[in-house]
Amino acid sequence: MPEIFQYSFMIRAFIAGTVIAVAAPLIGNFLVIRRFSLIADTLSHMALVGVAIGMLTGTQPLLVTIGVTVVAALLIEKLRSNRNIAAESILAMFLPGGLALALVLISLAHGFNANLFNYLFGSITTVQENELWLVVGLGLATVFTVVGLYKQLLAAALDEDSAKVGGVKVELVNSVLMILTAVTVSLSMRIVGVLLIGALMVIPGVTAMHVARSFAQTMYLAVGFSIAAVLIGLFGAYYLNVPAGAAIVLLSLLIFGVVAASRSR
């Protein structure tokens, strides 16, 4: 057995990383075709609010973060669906607003510390067993929900008006997508950190779109690219002693660069 798998924290890291590597691009692909991919970064700032509340109240940051991001995601979707405010304007308000609120709460929680930096930049090797079960459970629930609602999610993402005519409950489907996005963002913060979550959700999908001939093929390829980046990134992080989150994102960008360069020839 390779040395890396002799440590229980690395085994937990690979399990959690693989689950997120599957869930993140599945959600991210729908966000990309809706031109709403920046919501991942917006919710990552709201996730930081959840972490700050958890630190301030002494509760489990991951559970609090899920609650905060779900509420924020549903509120964003409610404002977007009214169509009185442009989607990008809504995100432009929530993104700095979330960061500002997080900074205030962090200051009340006695400022920055090592644990907070784990959430900011990711610390997959510090995932505890109780967190692992939460990541696996909610991650698999996200994957199964996407598979079960695939046709409805795709129809609503491509054209909401046509989807309504076709009998799709667009408001419900959009709300489900926002909840899944919020949960995925919350779970991913332990893997890549709140500052890099958007990259893991978006880059594999954008890479897959360069070579895929259908949306379904895009989903498969995006998951493949994401798993490759996460697994190779974890090996690189362990043997090179670099941050796992940063290694995963850089590998995602490297894969994108290679694919894009090969397609341009």
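**Close-up views of a predicted model**

**View 1. Tyrosine 239 and the nonpolar surface patch.** Tyrosine 239 counts as partly exposed, its relative accessibility being 47%. The residue lies in helix H11. Together with Phe235, Leu240 and Val242, Tyr239 makes a nonpolar surface patch of about 390 Å². As in the views that follow, the coordinates are those of a predicted model.

**View 2. Phenylalanine 30 and phenylalanine 215, an aromatic pair.** The whole structure contains five aromatic pairs. In the pair formed by phenylalanine 30 and phenylalanine 215, the ring centres are 5.3 Å apart and the planes stand at 55°, so the pair is tilted. Distant parts of the chain are linked here: phenylalanine 30 belongs to helix H1 and phenylalanine 215 to helix H11 (residues 215-240), 185 residues apart. Phenylalanine 30 is buried at 0% relative accessibility, and phenylalanine 215 is buried at 15%.

**View 3. The largest nonpolar core.** This core has 79 residues, and those with the most contacts inside it are Phe30, Ile39, Leu43, Ile76, Val146 and Met201. Helix H1 (residues 8-33) supplies the largest share, twelve residues. Neighbours within four places in sequence aside, isoleucine 39 is in contact with Leu31, Ile76, Leu91, Met178 and Thr181. In soluble globular proteins, nonpolar side chains tend to be buried together.

**View 4. Arginine 80 and its salt bridges.** Arginine 80 is found in helix H3 (residues 61-82) and has a relative accessible area of 15%; because this is under 20%, the residue counts as buried. A salt bridge joins arginine 80 to glutamate 77, with the closest N and O atoms 2.8 Å apart. Both residues lie in helix H3, three residues apart, about one turn of the helix, and both are buried. Glutamate 160 also forms a salt bridge with arginine 80, again with 2.8 Å between the closest N and O atoms. This second pair links distant parts of the chain, glutamate 160 being in helix H8 (residues 160-165) and arginine 80 in helix H3, 80 residues apart. Glutamate 160 is buried, with a relative accessible area of 15%. Arg34, Glu77, Arg80 and Glu160 are linked in a network of salt bridges. Residues up to four places away in sequence not counted, arginine 80 touches Arg34, Phe36, Ala87, Ile90, Glu160 and Asn174.

**View 5. Lysine 164 and glutamate 171.** The structure holds four salt bridges. One of them is between the side chains of lysine 164 and glutamate 171, at 3.4 Å from N to O. Lysine 164 is partly exposed, with a relative accessible area of 39%.

Methods:
Residues numbered from 1 in each chain as written. Predicted model: local features only at pLDDT ≥ 70, side-chain atom pairs only at ≥ 80, totals over all residues. Heavy atoms only, no water. Helix = DSSP H or I, 4+ residues; strand = E, 2+ residues; numbered from the N terminus. Buried < 20%, exposed > 50% of the residue type's maximum accessible area, 1.4 Å probe, protein only. Contact = heavy atoms within 4.5 Å. Core = buried A, V, L, I, M, F, W, Y, C linked by side-chain atoms within 4.5 Å. Phe/Tyr/Trp six-rings, centres within 6.5 Å; stacked < 30°, edge-to-face > 60°. Patch = residues over 30% accessible without salt bridge, like charges linked within 9 Å, V, L, I, M, F, W, Y side chains within 5 Å. Areas by Shrake-Rupley, 256 points an atom, 1.4 Å probe, with all protein chains shown as cover.
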